[in-house]
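Reader: Hey, I've got this protein open and I'm a bit lost. Can you walk me through some spots in it?

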Amino acid sequence: MATPVLAATATARATRRRGGRRSLTPYLYIAPFFLVFGVFGAFPLAYTAFISLFDWNPIGDQVFIGFDNYVALVADPRFWNASWNTVVIWVLSTVPQLAVALVLAAVLNQALLKFRTGFRMAVLVPNITSVLAVGIIFTQLFGRDYGMINSVIEALGGDRIDWVAGTFSSQFAVSTMVMWRWTGYNALIYLAAMQSIPRALYESAEIDGAGAIRRFFTITIPQVRPTIIFTVIVSTIGGLQIFAEPLVFGGQAGVTGGQSRQFQTLALFLYEQGFRNLEFGYASAIAWALFLIIVVLTIINLALSSRIASEK
Amino acid sequence: MRSRRFAITGLAAAATIGLLAGCSGGSEPSEPAADGELPTGQTISVWTFGATGLEESMEAWAEETGNEIEIKTSEFDPHHEQLLTALATGAVPDVALVETAYSSVFKPSAEFFTDLREYGADDIEGDFLDWRWAQGVADDGTVIGLPTDVGGMALAYRTDLFEAAGLPSDTDGVEALWSSWEEFVEVGEEYTETTGEPFLDDAGVFFQTVYNQGDEKFYSADGSELIYDSNPQVQLAWDLATSAAGISANLAAFSPEWNTGMANGDYAVQLAPAWMLNYIQGQAPDTAGLWNVVTLPEGGGNWGGSQMTVPAEAANPALAYDMLATILSPENQLDVFKEFGNFPSTPGLYEDPALTEFTSPFFSDAPVGLIYTESVEALEPVYEGPKERAILREFGLGIDRVESGDESPDEAWQSTLDAVALEVQ
């Protein structure tokens, strides 16, 4: 009696195993990504969440304190200050940056432009410059006593500005570094998108009497809309993690983002708490808060930018 | 004793975790030779935060013993951050400097360091100042480090700028100008009024100098409570420093602008722990002979000084100890003082004419040996707690806010106390 049952089971098992092997192969192909993501992405993320529940001294006591770090974080004015600074610097740098990049791309896309390849390469140069070098150069340009920008202002009859000490002036200076570095990069992405727009669209518009500006707004921008959304999201993620620029700009007080924390970003606040004050648990809580803020802002952005020049 | 490498501020530390593996010296753990001799051909890795004045001594030791030395210098705070992460991950150097302001961070974790008593530290304990030695001893008696120099304090000034301002420039004349810090500030105000130039480099340096004159700092003597908001010495340092905002060049200490200002003669007075003499000579070599040194108003004090530690997982602890005992011996510390200005932590020398009669040509033949000896001899141990450095940073930022005119001294005092309260909660 048992034999047919066993045989049937064995067949089923064999089938399942064969089927299993068949379906395993594609997973093996994509496994490297998930392994790397697991080791360098998911695990640190989870471990950070774990540490954030502790008063964590890496060479001393590690005391479980539940959600106390998060409670303290919400009540910490430095956190809200850093969040606000981050958003301001991000807006100050991203909005003009993407607008300029769009125009730049349109110019580079002109068929009549000479030395096109040269220009296209030139706009990418800032992006491959080390962020540290950018920071040092701009910090010197914005220097109070010996900076070139102040010399120019003075030559034009204005007063010297203590760029680092002021709130808006320092945030503006930091934003210019970000802008300088990333505008060309985004312009190239837009350029790639623009090159896939059919020429015929422009030609017929021209025949209908549309000028260059009209063509830019009614053909170019709607056509590159998906690319704009992509760059907005990427710039959001990058812009909210700004770290090296303000750190270098602040010099000795870089970690606190100046004497009044006037340009301390969230990433700097995280670094200050974690590595300078050795509050690793608290820093981990900040890291998670930063993660949540990025998620929320990205969703808002997605909603907003999908309306940019959307087809009616 | 801070590095001048502004460019790598923080960034090195930011990349610490990723880079540690590459930073931790390359040599294999050494096997003690059968006859008890120390191994040769090893590379001893050393982490410091700048001019200890000991670099050449280390090279000389390496040459003599047939080993190599590999020194990695970082900024002051990033250095200690890197050391902490290194200890946590085990990718440690053979020798690492721990400054006194950070000693309370590391001492509770004594098990991460080699107990130097295993190698005979007890035998040389008597050579050093008691309180400097104690700064390297953990609660359980583990000796985690040997003391380097003592940061006895004095005041360096530019004789040429004093003359130009119509002030006396000889040491007796200058010392007669003020008997208290208040009078010192008044002289500064006169100087600034006459010349239109700042008198001091940085009010923050002024704050640290006066704060370091106290027998208590931010913590009570036994370390049991925080007294940063009630300690009269802190209040005094604050009042003096903020009152000096108008005569300060507002150059952040250890920044490139500060270095430039020092070399250009943008200010007339530099408050100077002994190691600062080394810094001035390095940053402003063209000003040789234009400086002189006098004692501080209102007594001596200590600013800085480090312990040289050997992490528990160091590859060559025996060799590392041998090096430390050699370069920190009284004889060598005397040589280092003569050459670089870092003041010895070995009181046996304080009677030695070679030290007390030493004068520095760079500083107009000022009797710097005697001045710093007197500054150091009266010193008592001062407790520095785990949040010492973080609190000091907040006070420094508060003074910066006054210097740049953002806040009044009273507003800044309150905002500083608020900030410290968040830091120590």
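Predicted model: local features only at pLDDT ≥ 70, side-chain atom pairs only at ≥ 80, totals over all residues.

Reader: OK, where does T242(B) sit in chain B?

Author: T242(B) is part of helix α12, which covers residues 232-243 of chain B.

Reader: And is T242(B) buried or exposed?

Author: Buried, because its relative accessibility is 9% and the cut-off for buried is under 20%.

Reader: What does the side chain of T242(B) reach?

Author: The backbone oxygen of D239(B), at 3.2 Å. If you skip residues up to four places away in sequence, T242(B) also touches I399(B), V402(B) and P409(B).

Reader: Which polar contact does the side chain of N342(B) make with another side chain?

Author: One with the side chain of D149(B), at 3.5 Å. A polar atom of the N342(B) side chain also lies 3.2 Å from the backbone oxygen of T52(B).

Reader: How far apart are N342(B) and G151(B), in sequence and in space?

Author: They're 191 residues apart in sequence, while their C-alpha atoms are 7.6 Å apart in space.

Reader: Now for holes. How do you even find empty space in there?

Author: You roll a probe the size of a water molecule over the atoms, and that shows where empty space is left.

Reader: How many cavities of 30 Å³ or more are there?

Author: The count is 4. The largest cavity holds about 100 Å³ of space.

Reader: Which residues line that largest cavity?

Author: There are 15 lining residues, and E99(B), A101(B), W303(B), G304(B) and E384(B) are the ones nearest the centre. Two or more lining residues come from each of α5 (100-106), α11 (203-211) and α19 (388-403) of chain B.

Reader: What classes of residue are in the lining of the largest cavity?

Author: The lining has 5 nonpolar, 5 polar and 5 charged residues.

Reader: Last one: what does UniProt list for residues 83-301 of chain A?

Author: An unreviewed UniProt entry lists that span as "domain: ABC transmembrane type-1". In the model, residues 83-301 of chain A are 74% helix and 0% strand, and the end C-alpha atoms lie 17 Å apart.

Note on methods
Residues numbered from 1 in each chain as written. Chains lettered and ligands numbered in written order. Heavy atoms only, no water. Helix = DSSP H or I, 4+ residues; strand = E, 2+ residues; numbered from the N terminus. Buried < 20%, exposed > 50% of the residue type's maximum accessible area, 1.4 Å probe, protein only. Polar contact = N/O pair within 3.5 Å; in protein donor to acceptor, adjacent residues only side chain to side chain. Contact = heavy atoms within 4.5 Å. UniProt positions renumbered as here; feature names shortened; annotations may be inferred. 1 Å grid on protein atoms, 1.4 Å probe; cavity = no way out; pocket = protein on both sides within 12 Å on 5 of 7 lines; lining within 4 Å. Points joined across faces, edges and corners; volume = space filled by probe spheres on them. Nonpolar A, V, L, I, M, F, W, Y, C, P; charged D, E, K, R; others polar.
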